[in-house]
Amino acid sequence: MITAVILYTNQRKRIEIMKSTKWKAQNCIKVYKEQLKVIGESTIQNDMKRSRILYEKKGRAMILAKLSAILILAFCQNIYGKPKVDLSTVANRHAGASTTYKTYIPTDPIQINTQNVSLVFKVSQKGTLMQQYFGKRLTYASISELTPSSLIESYIAGGSTDLYEPAIRVVHSDGNPSLVLKVTDVESKQVSPDNSLTRIILKDPEYPVKVILNFSTYNKEDIIQSWMEISHEEPKAIRVTNFASAMLHFNNDNYYLTQFHGDWAEEMKMEEAPLTSGIKIIDSKLGTRENMFQSPMFMLSLNSPATETKGQVIAGTLAWSGNFQFLFEKDALGRLRVVAGMNPYASDYILDAGKTLTTPAFIYTYSATGKGQASRNFHDWARNYGVLDGNGARMTLLNNWEATQFDFNESKLDTLFAEAKSLGVDLFLLDDGWFGNKYPRNNDHTSLGDWQANKRKLPHGLGHLIQEATKNGVKFGIWLEPEMISPKSELYEKHPDWILKLPNRPEHYFRNELVLDLINPAVQDFVYQTIDDLLSKNAGIAFIKWDCNRMMTNAYSAYLKERQSNLYIDYVHSLYKVLDRLRGKYPNLPMMLCSGGGGRTDYGALKYFTEFWPSDNTDPYERIYIQWGYSYFFPAKTLAAHVTSWGKQSLKFRTDVAMMGRLGFDIDVSQMTSDELKFSQDAVKTYHTLSKIVWDGDLYRLIDPYRHQRAVLMYVDKDKNSSVVFSYNLHPHYGTDWTAVTLEGLDPAKTYRVEETNLYPGSKSSLPENGKLFSGEYLMTVGLNLSKSDVLSSSVIKLIASTKMENQTETKTRSETK
Ligand code: DGJ
């Protein structure tokens, strides 16, 4: 009898052993013993028998199983001797980028890995794709130990044997409503050192239907994107009634769902509740403004509610600017399936042979250390991949909507350019009301579609405005609502058939407007041409605010004829086609995504946009909550945050809140007192010193306004050299005794200078730690006494890692004053 010691320390070591081919039992053990450093336990599967083998622990041989030399030899040959393609090694080889797919036979676990996350599939003997694991990154040794009981069919098709909600359902051209999916191939390629793509190809043995499940992983960011493609070669069109981008399975004691919801001016309200047996759906049927009632994002905590720093949490969102559905079904055994994708509501998709329906990506992450890490994963991914110019700078601006509404003219705007200059912002943004001649846009009842400058308000056209702005040293941006049309417009008179409306029902208006039938290629051309004309004839336009002020109702496309159930999906694809064309010609133009406030905030659109308008509600008290909600999924630089006259809080409070995002102003500067103007001018300068940290740093939410009468959060730059803390006292009760706030994300070994900034003229910091040096360790263990008892007051604190010299001087001064 021989003691078997199997080396399985990590992937590379295993491969090295694979290279030593002459296996004899004695050698085999010798090699293992020599190379063995990291110790653990593993289950090895061989053809003959499943055996438990033990590793050597700190030089002491512990024997779990005793195996004969023959069996060892069989092991070695079985595992290492026979050359076979090993999925785990192929999928994990991230050495360099390759543009070609490697195809391999799916006999071993299919690993979808990022730095800290593993999603593991296995193909059953019958060819069914099974989810085996999703969670914290596992080593291959652990993956091979996963027991068969953890297997559950991964992407379940409706119409055959499963009794719960399907991921996909098809009605074939012969009327058969079932789909059976068997894995035929798995391909994987390294797209870049950080990004790899695995495609699992499934086919129905009885019908020429092909489904491809795509998994794109972003290694450093711990983000996975999943989407599905379906195509077929049946004699006639098929009907795809369910088309999830992803189906994920969980088997935990409890599940806690955090959802975000709201309405106009009350976006992104956060709510967490346990999931109970049965189905919970979060969805939108609004067609265009998918974020208006329910937001297309969620967090799911496993076992117990996750905090910012603790607990297992999955955060997910859909890259889709239309109807979405997240369905959570807790089955009779307490297992949970999450079905994420476009909303199947009224959307049986009619798919012709040879065509492909590609679903939007479900983007998700897993964190074993709470919600904070999950959101930082999203921020990093968004900056690197999800948002247009995600790593670039953003412009501060003055917008005129709140201050003037539709009531402005050329000379008024000329004074606003001067005000933008005096504030020191980068850009002036001209909002709604500048267009329409037969029907001038003096209110929201007319003119959408007639995108020519109004000659009475702007006799010298946009050219003059651009010139004036330039003279004042500010750039010029403009508002558009390209997908909509007013019934009172020249466009409507010319093309009454270009509108989404039921043929035999009265038109239904929302904000007095209708949605253009963008599915019609002639309408796509019109929208593209309108914007292209505007940009090419007015070369100085440096920014666009793209608004979308209504959802779809009475939705019907004359262009789609009998295929009305394709409408919701085709509309969004058509919008993306227009945006693709525009980005082809204007790849870098910054654009704000707006939808009557934050009605449309998703990563489907954000790859074309540099930022979004989170809400028309700019009352800073409300904004603390709104921006807090968005911060779980979007980096600060994508949140447009303007100082306006909403709310009764001090200008400082309003400005401090706006500084947590992409700072702008939408306020009548001429009404400011000299102190207010001075404060705002200084604030713009201060913001320029902080913005890199806010835009590109790591966010830590420290004190949650949903639980406390204050809110504190901080951003830390990636080098941990500088940080900015935002602290807001909301409505503290009489006698509230605040405790110090411990910071996060700093380098414990560095020393930071604490400095309150953005102070109002004439006021002094009351922060006890102001102006002093503290170690990162102190700040993260003892903390800062940030909060005051004043209602709706705020402070902005900058932390800068100090140099050695500064430290020495400080120590000297301290000892001298003793
Ligand atoms: C709704 C937007 O949210 C506002 O900021 C403003 O642009 C108006 N539309 C203009 O109509």
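Trainee: What volume does the largest cavity have?
Mentor: The largest cavity has a volume of about 140 Å³. Keep in mind that this is a predicted model.

Trainee: How many cavities of 30 Å³ or more does the structure hold?
Mentor: The structure holds 10 of them.

Trainee: How does anyone find empty space like that?
Mentor: A probe the size of a water molecule is rolled over the atoms, and this shows where space is left empty.

Trainee: Back to the largest cavity. Which residues are closest to its centre?
Mentor: Gln627, Ser631, Ala636, Met660 and Tyr715, out of 18 residues that line the largest cavity.

Trainee: And which elements give two or more residues to that lining?
Mentor: Helix 6 (370-386), helix 14 (620-630), helix 16 (674-696) and strand 37 (710-716).

Trainee: Which gives the most?
Mentor: Helix 14, with three residues.

Trainee: How do the residues of the lining divide by class?
Mentor: There are 12 nonpolar residues, five polar and one charged in the lining of the largest cavity.

Trainee: New topic, the ligand. Which residues come nearest?
Mentor: Asp431, Asp432, Lys545, Asp547 and Asp616, of the 13 residues around the ligand. By class, the shell has six charged, four nonpolar and three polar residues.

Trainee: How far is aspartate 432 from an oxygen atom of the ligand?
Mentor: The distance is 2.6 Å, taken from a polar side-chain atom of aspartate 432. For tryptophan 479, an N or O atom of the side chain is 3.2 Å from an oxygen atom of the ligand. Glycine 597 has a polar backbone atom 2.8 Å from a ligand oxygen atom.

Trainee: How much of the ligand does the protein bury?
Mentor: The ligand taken alone exposes 290 Å², and the protein buries 98% of that.

Trainee: Now the open sheet in the order 6-7-8-9. Is its pairing parallel or antiparallel?
Mentor: Antiparallel, across four strands. Strand 6 (110-113) and strand 9 (152-153) are the edge strands, and each pairs on one side only.

Trainee: How many bridges do strand 7 and strand 8 pair over?
Mentor: Seven, between residues 117-123 of strand 7 and residues 129-136 of strand 8. Serine 118, for example, has glycine 135 in strand 8 as its bridge partner.

Key
Residues numbered from 1 in each chain as written. Predicted model: local features only at pLDDT ≥ 70, side-chain atom pairs only at ≥ 80, totals over all residues. Heavy atoms only, no water. Near = heavy atom within 4 Å. Polar contact = N/O pair within 3.5 Å; in protein donor to acceptor, adjacent residues only side chain to side chain. Areas by Shrake-Rupley, 256 points an atom, 1.4 Å probe, with all protein chains shown as cover. Nonpolar A, V, L, I, M, F, W, Y, C, P; charged D, E, K, R; others polar. 1 Å grid on protein atoms, 1.4 Å probe; cavity = no way out; pocket = protein on both sides within 12 Å on 5 of 7 lines; lining within 4 Å. Points joined across faces, edges and corners; volume = space filled by probe spheres on them. Pairing = 2+ DSSP bridges.
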